[in-house]
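Please read this note with the model open beside you. Follow each point on the structure as you go.

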Amino acid sequence: MKRGSGFSLHVTVVIAAIAFIYFSTVFVFIDQWFGLWSSPGMLNAVFFTVVAVMCISNYALAMYTDPGQVPSSFVPDVEDPDNIVHEIKRKGGDLRYCQKCSLYKPPRAHHCRICNRCILRMDHHCVWMNNCVGHANYKIFFIFVMYAVVACIYSLALLAGSITIDSPKDDQQSEGSYRVVYIISGLILVPLSLALGFFLCWHFYLIMQNKTTIEYQEGVRAMCVAEKGGYVYSHPYDLGAYENLIAVLGPNVLCWLFPSTKHIDSGLRFRTSFDNVPRKPVSK
């Protein structure tokens with residue numbers, strides 16, 4: 001796998017932000033509001049630590065999991081009766097071929113100029129992970145964002161609560177002793193909660209449509225072209241909301257909150273709405 005293995009400023013910023021938010025939440029917000037060693041304080045500290053551990057572990061997994069590499073032996077089988085949909089170039093109608101990798105592109109694969117290789121079911125290259133988000137690590141990435149949103153909102157609630165509650169420790173602390181921590185935390189948590197919340201909703205929408213970020217952008221162009229020709233564009237990989245959901249998160253609901261990826265296949269072929277099972281009418 002070819003990816004940046006050296007120093008990454010973006011990853012360093014993420015790690016520093018996670019560490020700052022965690023220590024501020026546990027040792028300042030919870031301690032000021034409840035008292036860290038009180039029953040409510042310890043309960044909140046344990047719960048927030050669990051969320052933080054899930055967030056950090058999924059971040060590390062998403063960063064170090066190969067998103068999916070195209071095998072050098074891959075050649076599209078245009079005569080396969082079970083695979084009636086083949087992606088072709090917009091110009092010329094030829095099968096998609098990557099000149100840089102000298103490989104045929106499987107469906108939904110795209111070349112990443114930063115990783116310098118083709119990625120299976122590529123969604124985007126994430127500079128904050130120093131890795132691509134693709135077929136093999138998309139669920140892990142989504143789970144990481146989900147836990148990050150929960151952690152940010154939870155920390156923000158504890159920040160607000162610790163400010164509004166008069167703590168008995170206020171008399172023991174000099175005026176403004178935690179002011180810098182509260183200001184920096186607020187400046188981090190408010191925009192981060194909004195940004196990650198929007199990002200989570202966006203990717204949940206993509207999952208429900210069985211689209212990647214790249215496919216959404218391509219779909220907008222395809223929709224415009226289809227409308228000009230008097231047709232209605234239909235995304236070929238949309239299998240219905242529930243089927244789309246389990247295609248990413250897996251068929252076992254109990255595993256949706258964990259980074260299990262045993263349900264994903266090779267990433268060289270995907271079910272489409274044109275397949276016999278399930279059969280879905282095609283809009284034209």
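The points below go from the overall layout to single residues.

1. Ground rules. This is a predicted model, in which local features need pLDDT of at least 70, side-chain atom pairs count only at pLDDT 80 or more, and totals for chains, interfaces and linings use all residues. Residues are numbered from 1 along each chain as its sequence is written, and side-chain values use heavy atoms, with hydrogens and water left out.

2. Layout. The chain has six helices and six strands. These are DSSP runs, numbered from the N terminus: H or I over at least four residues for helices, E over at least two for strands. From the N terminus on, the order is α-α-β-β-β-β-β-β-α-α-α-α.

3. Of the 284 residues in the chain, 43% are buried. Buried means under 20% relative accessible area, exposed means over 50%, and partly exposed lies in between (1.4 Å probe, protein chains only). Now take contacts, meaning heavy atoms within 4.5 Å. Among those between residues at least 6 apart in sequence, 67% join residues at least 24 apart.

4. A helix pair. Two packed helices are described by the angle between their axes and the distance between the axes. Helix α3 (residues 138–164) packs with helix α4 (residues 179–209) at about 145 degrees, and their axes are 8 Å apart. By class, this contact has 22 nonpolar, seven polar and no charged residues. Nonpolar covers Ala, Val, Leu, Ile, Met, Phe, Trp, Tyr, Cys and Pro; charged covers Asp, Glu, Lys and Arg; the others, Gly among them, are polar. The axes are lines fitted to C-alpha atoms, for helices over the stretch in contact, and angles run from 0 to 180 degrees between N-to-C directions.

5. Salt bridges. How many salt bridges does the structure hold? It holds three. Each needs a side-chain nitrogen of Lys or Arg within 4 Å of a carboxyl oxygen of Asp or Glu.

6. E215 and R108. The closest N and O atoms of this salt bridge are 2.6 Å apart. The pair links distant parts of the chain, 107 residues apart: E215 is in helix α5, and R108 is in the loop between β2 (103–104) and β3 (110–112). Both E215 and R108 are buried. E215 counts as buried because its relative accessibility is 6%. Leaving out residues up to four places away in sequence, E215 touches R108, N210, H235 and Y237.

7. D66 and R117. Their side chains meet in a salt bridge at 2.9 Å, N to O. D66 is in the loop between α2 (39–64) and β1 (97–98), while R117 is in strand β4 (residues 117–119), 51 residues apart. D66 is partly exposed, at 25% relative accessible area. R117 is buried, at 6%.

8. R271 and E243. Here the salt bridge spans 3.3 Å, N to O. R271 is in the segment after α6 (241–249) and E243 is in helix α6, 28 residues apart. R271 counts as partly exposed because its relative accessibility is 35%. E243 counts as partly exposed too, at 25%.

9. Backbone points to check. Most residues other than glycine have a negative phi. S102 has a positive phi, near 55 degrees. S102 lies in the loop between β1 and β2 and is partly exposed, at 46%. R121 also has a positive phi, of about 40 degrees, although it is not a glycine. R121 lies in the loop between β4 and β5 (124–126). Is R121 buried or exposed? R121 is buried, with a relative accessible area of 5%.
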